[in-house]
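Thanks, everyone. Let's get the structure up on the screen and walk through it.

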Amino acid sequence: MPEQEPNLDVGLDIRDPRTAVLSVGGELDMETAARLEERMTEQLDLGRRHLVLDLAALDFMDSSGLNVLIRVLHRARETGGDLHLAAPTPAVRRILEITGVTTALPPYEGVAEALVAAGAGR
Amino acid sequence: MSGPRFRGGDPSAGLHGDGAPAPEAADGTVPAPAGERQEVRDGSVDGRLAATVERLRGELAAAHAAAEGRALIELAKGVIVERLGCGPAQAARQLAELADRSGLSRLELAADIIDHAARDRGAEAADAFVRSAAGETEPPGSAAVRLRTAESAVLDADDTQAVAESLLTHALEPLGAVAVAIWTTGPDASLSLRGHAGFGLDEAARWRHVPPGVTTAARQALAGRRTVWYLSLAASGIPSIGGARHPEGGRVVVPAGTGGRIHGVLEICWARPLDPQPQAVERQIEALAELCAHTLEDLPEQAAPAHLLVPAGDRVPELVELSDGLYDPALVLTPHLDEEGRLADFRVRHANAHFQDPAGRPRGSVDGALLLEAYPAMAGEGELFDRIERVYATGEPFRARRVRLTALVDQVPLTSPADISISRHGAAVLLIWRVEDETARLAGLLQHAQRLGRVGAFEEDVVTGDITWHGQLFDFFGRSPAESPVALRDLAAHAHPDDADAIRRFLRTVLSGRVGSAAFRMLRHDGVTRHLRVTAEPVLGPDGGIQAVRGAYQDISAQHWTEVALTATRDRLAATEEAAEERNRLTLQLQHAIMPPAKPPLDAPGLDVGVRYRPAESESRVGGDWYDAFVLPSKKVLLCVGDVAGHGVEAATSMVVLRNALRGLAVTGAGPGQLLSWLNSVAHHLTAHVTATAVCALYDPESRTLRWARAGHLPPVLVRGEEAADLPLLRGLLLGALAEAEYEEDEVRLEPGDTVLMYTDGLVERRDTAVHDSVAQLLTVARLPSESLERRLDQLLARSKSDTDDDTCVVGVQVS
């Protein structure tokens, strides 16, 4: 089995003091999940309680990746905030459907809709 | 009930002299409703019995004259009801018809019928008597005759007062007694004096009613449901009727009941202190109480004999209606008597709308069952059955908070505290309980998980300092249950000094109002070191302050030693050349230690079960997948595959906890949706930060149906003939994501030859392919013809296109 190069890009866009948009691209799996978790936790610790995760460029996600999303979701909700998923690719959307996450945490069409839901700018 | 039983209806079974009187005593043209005619008789006894019959006839004439024959007719109806097993209305018709046919008046016929009944009962009683008294000093004949004489009189008497008088004259004066009282029990457990002789009218008037809760001699018999002898009433210090006139005299109080229900109490008074009585006398008195019971139960307000009420108690429909209006689980119970008329059990006549089985079974499996069959644990000492029996016998309601309600689940008693109410209504008992609601579901669940995952829960009241330890905590800490539990603030003193900081941090977290957790080494008195993890949460009071801390200790020693073993192995392997090969072998060993052999022996008729586990190639990725297949006590087959997120020992440990929890939960008989819902709670509450996916199915070999649900997992694949399709994507969130989740269920009826495959995503997951396409690829392989299930599973693994190096589990079942 060839070693996989960790392949995950995380972009950060601060919308207001309490809202951050993180765009993830590449593959969210066991190798890369911890990195995304760090970045998201960092934002929560800075008081950005509402996190929008732009999934438009994410090609692959496994159970470890999903686990990170759920952990961060809990942390965000504990502090009165929330995690909002936006624009999943069909492959990732399918994973979210299979795991039932779409019913518990319905993804938004795009970042704009997610930001409205997060109440950003208010 | 404590009295001797009158067994058998065959008078010839008795010793000679106990036979029925001559048929000529009755009108030969009357068809006897029951009872055989016995030709062989002893002359002297016959003479006395003939006299009794003669007396009955005389009294019939008197009753006729006084226009009080109605009581006799009612008695006769009662006999017909008992003998023919019909209702009172039918008995009345039967009586009228028989009278017409035989050309007798109804009154005359009634007298004949009662005569027969008296003879039969007398014979039975005497038979039982003589047998039980064999070896005793009293000549059997005299006891038998005395009893029969008394019985005839009792049966003949149309009110309890007459019964009392007749008992005293015929049966008790020969025993030296001077007075008798017959009490009946009211619905409120009060006692009313229904008949008395020898006490005098004034004394009787003073004692005509004893309110519930007032201790008297008769009350002792009722409360204790047994005969109580007072060799001297004064010595006992208990008041009773006639206590002033015969203070030093002996007393006996005997519960008078039929079929487990006490209708009243027979109290007999002597003028002098008694010596302990021979067994024959004791039995005789109990037999008299039994006679009283029969007359008491025939009292107008008592309806038909109790054992006839069993199939259709008058108030049962009413009670069913009432119970359905309750918001707590309730059972309507009616007595279930054995062949000898003894209370053996209660029949669950109705489980109300809010009924929830403490053992988690569906309502239908309890409704209609016998109580002890449904809840064998209730039979234990001091358990619920005892209380129900008592309420039924005495009519005294029972209410208590935090009674331990025990249900046997897979032979393991599952106990939860509940508030209980038991009350008697007519011939039925209403049992209501309230399990402490919010925690109830979790409590049961936790107990399972505790047992399986070695977890012990605790609760510590911060204000009072009270500590409750559940389950195995005493064992964890190496303390005997007689010792006091260890308080959280003393925990550090029981731990390894290096772990004291971790424990302090944990305490600070919890006392600041958050959920905390710490792993530490527990040093026991006995020198044993255990690795424990404690997880706790504060319970806030109405004012927002911390009222209690509640949580659980988990024994993670096994996990710890697995880790140590792995680390040591890794270190050793680093030094060896054939490390990779060795590693794979050890990986397999680890998995095989955790999982059952490749094919667990399954006794499932008509179903082949095959399983495959392929560990990830890289050791660090091993651990999260599991499969399970086993036959439940219900003969249904539980099938499951699951996948804990993450890898390594941590994931493997969670996997073991979930797999074991599911095993434990499945024996409750719950459906797959409910099981996953519980498993979700286990994952959420017991394993920190772990999510898992699973698919769980129950196969019923009888109906060939497969009922299944999924928790964030790929649905099973059904292969039928040359077709293969995945089952629908039912609603169901992955396990552990939210505190509560519901899981949709679906059912497939399988046909012979059908194969169902359940698998983890290691079989299909590819980075460059959407899941949809990977599954389509799998379906293509599944469609390939295959000579056996085992072959098909090998084929699936061999042709898997997965590239993520994940564990892979497959469970396949084929209907043969």
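How many residues does the contact take from chain B, and how many from chain A? Chain B puts in 25 residues, and chain A puts in 22 residues. Look at the side of chain B that touches chain A. Its residues split into 10 polar, nine nonpolar and six charged. Keep in mind that this is a predicted model.

Now chain A on its own. There are 122 residues, and 46% of them count as buried. The chain has four strands and five helices. Read from the N terminus, the order is β-β-α-β-α-β-α-α-α. So much for the elements; next, the contacts. Take those in chain A between residues at least 6 apart in sequence: 72% of them join residues at least 24 apart.

On to the cores. In soluble globular proteins, nonpolar side chains tend to be buried together. Here the largest nonpolar core has 102 residues. Which of its residues touch the most other members? They are Leu639(B), Leu658(B), Leu679(B), Ala694(B) and Cys696(B). Helix 20 of chain B, residues 648–666, gives the most to this core: nine residues.

Zoom in on Leu639(B). Set aside its neighbours within four places in sequence. Leu639(B) then contacts Ala629(B), Ala697(B), Tyr699(B), Met758(B), Val811(B) and Val813(B).

To recap. The contact draws 25 residues from chain B and 22 residues from chain A. Over to you for discussion.

Note on methods
Residues numbered from 1 in each chain as written. Chains lettered and ligands numbered in written order. Predicted model: local features only at pLDDT ≥ 70, side-chain atom pairs only at ≥ 80, totals over all residues. Contact = placed C-beta atoms within 7 Å. Nonpolar A, V, L, I, M, F, W, Y, C, P; charged D, E, K, R; others polar. Core = buried A, V, L, I, M, F, W, Y, C linked by C-beta atoms within 7 Å. Buried ≥ 20, exposed ≤ 12 C-beta atoms within 10 Å, placed from the backbone. Helix = DSSP H or I, 4+ residues; strand = E, 2+ residues; numbered from the N terminus.
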